[in-house]
Amino acid sequence: MTSAQMLTLQIGPMAHGGHCIARHEGRVVFVRHAVPGETVRAAVTEGGEGAKFWRADVVEVLRPSDHRRRHVWKQADALRAHELGRVPVGGADYGHITDAHQRRLKGHVFRDALARIGGIDLADMRLPGLPADGELHVEPVEPISPGGLHWRTRVSFGVTGSGGLGMKPFRSHDLVELRSMPLAVEALGESTLFSWDFQHATTVDVVAPGGAGPLALIVHVEVTEGEEADSAVAELTERLRRQAGQASGVQSITLALRHAPPASTARPPGSAGGSRAAVARRSGRRGKALGTPTPTRVEYRCIVGERTVREPLPSGFAAPEGQRESVQIAPEGFWQIHRGAPRALVSAAVEMSQVAPGDSAADLYAGAGLFTAWLAGSVGSAGHVLSVEAAGVSHEAAVELFQGVSHVHPVGQPVERTLQRLTEMPGRPRLVLLDPPRAGAGQRVIAGLDAVAPEQILYVSCDPASFARDAKQLLSLGWRLRRLRVLDMYPNTHHMESVALFTH
Ligand SMILES: C[S@@+](CC[C@H](N)C(=O)[O-])C[C@H]1O[C@@H](n2cnc3c(N)ncnc32)[C@H](O)[C@@H]1O
């Protein structure tokens with residue numbers, strides 16, 4: 001970083017993805033760790049004469065924004081890292097911005113994505129709850145902790161050369177060893193995990209069920225066949241058991257043994273952290289699309305405690321008679337990562353949509369059945385709920401949760417292959433709720449939903465860009481955006497969650 005080209009930049013608006021836009025001699029520079037309106041010195045991290053745009057990272061703030069604060073996480077603080085000749089870890093790219101201003105900027109980013117990608121101007125929509133100028137108020141999610149800390153119930157770490165937990169800087173494969181992870185719930189900081197030796201593992205996923213300890217771990221190991229590999233796994237197992245046995249704050253450890261073909265090169269350590277690869281593992285996608293070797297088989301082996309965790313369903317919402325109060329799910333299955341997200345999302349769905357006893361409804365990309373549980377209670381035993389989820393572990397959790405609830409029909413298939421089933425539901429569906437992964441639903445699914453013609457579509461999204469693209473298609477098919485709420489479900493990061501209601 002010390003030999004990097006330095007630029008003095010006037011910082012323009014925040015863009016989607018966590019960087020601000022600036023210009024240097026006419027060329028666009030995406031600048032990380034800045035705040036709109038500032039003047040900064042920034043080190044060029046990617047660029048070159050022929051490049052269409054450059055990337056840069058702030059190393060000194062010449063004229064700070066009133067909304068700048070000391071970064072909430074030392075190891076992710078770009079200014080401090082530069083002083084120490086290091087690089088900041090990723091994962092908290094808004095941590096230097098005050099809480100309220102983070103939300104303001106996310107509102108601008110969301111509105112901009114809708115306009116640019118979806119051709120949707122919120123000022124034209126006159127949506128209830130939105131001011132006439134289309135300004136979006138991004139809502140904080142409870143429980144709110146000052147500084148936006150301690151909300152993550154799931155974190156993926158890489159394993160450093162010395163066996164510690166690490167994370168990568170932005171667009172880098174080099175792991176930085178961590179001493180803490182303040183965005184995670186308190187149970188992680190109270191555990192002994194940052195002093196464990198994970199040598200021989202590639203990644204470690206940490207899960208705090210219900211937002212509290214004790215923690216469940218999934219320890220990923222690449223194995224090739226042979227005696228040497230067997231003894232390395234045996235040694236790792238012994239070591240993990242020993243560390244867990246010492247008042248560690250850990251309830252369970254599952255090894256995820258990836259039996260890769262011998263010729264393949266190992267995935268770079270840490271490449272799974274909160275990343276596409278981690279999402280892909282949970283959603284069952286793998287291999288080529290991610291640029292990683294295709295594993296032949298993943299074997300899950302529980303070596304400490306129980307294989308599954310219990311995630312409490314939010315209380316106070318409709319639920320079918322006799323349904324359990326928590327979901328039992330393998331820790332690699334999908335569950336919302338903000339500890340307040342299950343309640344915030346179901347509350348938003350209840351407030352924004354209408355379902356009544358006897359209705360038909362569908363929950364697409366349903367995970368373990370968070371929204372299905374509320375729908376099942378709302379439509380009652382005279383109703384019908386289709387709950388569609390592609391990933392095996394999450395679908396199995398839903399099957400277990402809705403055992404004996406005869407009006408819920410969990411389907412363990414990709415949504416794309418289930419569109420026909422939607423047309424066969426009894427009566428016209430009152431509501432189709434969809435909560436796809438970051439890539440969004442896509443053209444084929446949106447066209448399929450339109451053909452099903454439900455009364456309402458409630459679209460829950462974690463990506464403004466894919467939502468804007470899908471919303472554009474819905475609008476072109478005659479649907480109208482009726483309500484929109486954006487939730488700050490990932491404080492100190494550029495991510496956000498939206499819930500949107502469409503009707504004809
Ligand atoms: C954002 S999560 C939402 C889960 C659930 N609604 C919840 O709130 O817990 C998206 C889910 O979609 C699943 N998924 C991804 N692609 C899918 C597809 N093509 N068909 C069905 N499910 C899919 C993932 O496994 C994941 O569980």
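Me: What covers the buried residues of α8?

Reply: This is a predicted model, and in it the cover over the buried residues of α8 includes the helices α7 (341–352) and α9 (392–401). Strands contribute too, among them β16 (360–364), β17 (384–388), β18 (408–411) and β19 (431–434).

Me: How many residues of helix α8 are buried?

Reply: A residue counts as buried if 20 or more other C-beta atoms lie within 10 Å of its own. In helix α8 (residues 370–379), nine of the ten residues are buried, so the helix is largely enclosed by the rest of the structure. They are L370, F371, T372, A373, W374, L375, A376, S378 and V379.

Me: What follows α8?

Reply: G380 does, and its phi is positive, near 70°. S381 lies in the loop between α8 and β17.

Me: Is S381 buried or partly exposed?

Reply: S381 has 14 C-beta neighbours inside 10 Å, so it counts as partly exposed.

Me: At what angle do α7 and α8 pack?

Reply: The general idea is to compare the directions of the two axes. For α7 and α8 the angle is about 40°, and the axes are 10 Å apart. The crossing is right-handed.

Me: Which residues of α7 and α8 meet?

Reply: From α7 come P342, V346, A349 and V350; from α8 come L370, F371 and W374. By class, this contact has seven nonpolar residues, no polar and no charged ones. On the general point, an α-helix has 3.6 residues a turn, so residues three or four places apart point the same way.

Me: How do the axes of α2 and α12 cross?

Reply: Helix α2 (residues 99–118) and helix α12 (residues 464–476) have axes that come within 8 Å and cross at roughly 45°. That angle makes α2 oblique to α12. The crossing of α2 and α12 is right-handed. On the α2 side the contact is made by V109, F110, A113, L114, I117 and G118, and on the α12 side by P464, A465, A468, R469, A471 and K472. These divide into nine nonpolar, one polar and two charged residues.

Me: How many residues of strand β7 are buried?

Reply: For β7 (residues 154–159), six of its six residues are buried. In a strand, check each face: R154, S156 and G158 are on one side, V155, F157 and V159 on the other, and both faces are covered.

Me: Which strands pair with β7, and in what sense?

Reply: Strand β10 (residues 203–207) runs antiparallel to β7, joined by five bridges; V155 stands opposite V206 there. Strand β8 (residues 165–167) also pairs with β7 in the antiparallel sense, over two bridges, and G158 has G166 as its bridge partner. β7 and β8 form a hairpin with five residues between them, and G163 in the turn has a positive phi of about 90°.

Key. Residues numbered from 1 in each chain as written. Predicted model: local features only at pLDDT ≥ 70, side-chain atom pairs only at ≥ 80, totals over all residues. Buried ≥ 20, exposed ≤ 12 C-beta atoms within 10 Å, placed from the backbone. Helix = DSSP H or I, 4+ residues; strand = E, 2+ residues; numbered from the N terminus. Contact = placed C-beta atoms within 7 Å. Axes fitted to C-alpha atoms, helices over the stretch in contact; angles between N-to-C directions. Parallel < 35°, antiparallel > 145°, perpendicular 65-115°, else oblique. Left-handed = near helix turned anticlockwise from the far one by under 90°. Nonpolar A, V, L, I, M, F, W, Y, C, P; charged D, E, K, R; others polar. Pairing = 2+ DSSP bridges.
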